[in-house]
Amino acid sequence: MKIVSKEIQDLSIKSLESTFNKLSTAYKSMTEKGLNTTLVKKRRNAVKLGLESLNAVWNGGEFFYDKEIILTSKDILQSVMASIEKQIAKAKGGSAQKTLNERRLIALKLVIESLENRLK
C-alpha cells in the first residue's frame, strides 16, 4: 500500500467513521419506518470492513475476513465512488460539502487499495 502522511491517515479514518455513523443512523431510522434497508446495510458493512482494514494497516489492528467478503465490500465501495465524484463536481469550490466529499473519496480509494492488497 502506498505511504500516506499521518494527517491523511487521520482524516481518512475520521471520514470513514463519520460515514459509518451516518449509515448506521440511516439504517436504524429506515428499520423503524419499515423501509427496505438492504442497500444501506450493505454499504454500512462495507465501510466498517474498510475502516477495519485501514486501522489494521496503519495502527496494527486485527483483520479477519475471508476473500469473498473482502471482494464484495470492495465492489460496493467502488460503486459509491462515482456518485461522490459527481457530488464533488457539482459542489462549489471551497465549500464544506466539497471538502467532505474529497476526503471521503480519498478514504475510499485508500480502502479499496488496502482491500485489493488483501486479495493478492
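1. The largest pocket holds about 240 Å³ of space. Its lining has 13 residues, and those closest to the centre are Thr19, Leu23, Val80, Ile84 and Arg104. A pocket here is an open set of points on a 1 Å grid over the protein atoms alone, where a 1.4 Å probe fits, with protein on both sides within 12 Å along at least five of seven lines; lining residues have an atom within 4 Å of a point. The volume is the space filled by probe spheres set on the points.

2. This is a predicted model: local features need pLDDT of at least 70, side-chain atom pairs count only at pLDDT 80 or more, and totals for linings use all residues. Numbering runs from 1 along each chain, and side-chain values use heavy atoms, without hydrogens and water.

3. Helices H1 (6–32), H2 (38–59), H3 (67–90) and H4 (96–119) each give two or more residues to the pocket lining. H3 gives the most, with five. Helices are DSSP runs (H or I, at least four residues).

4. There are three salt bridges (a side-chain nitrogen of Lys or Arg within 4 Å of a carboxyl oxygen of Asp or Glu). Lys6 pairs with Asp10 at 3.3 Å. Both lie in H1, four residues apart.

5. Lys48 meets Glu52 at 3.1 Å. About one helical turn of H2 separates the two.

6. Glu116 and Lys74 form a salt bridge at 3.8 Å. Glu116 lies in H4 and Lys74 in H3, so the pair ties together parts 42 residues apart in sequence. Glu116 is partly exposed at 34%, whereas Lys74 is buried at 10% (buried is under 20% relative accessible area, exposed over 50%, partly exposed in between; 1.4 Å probe, protein chains only).
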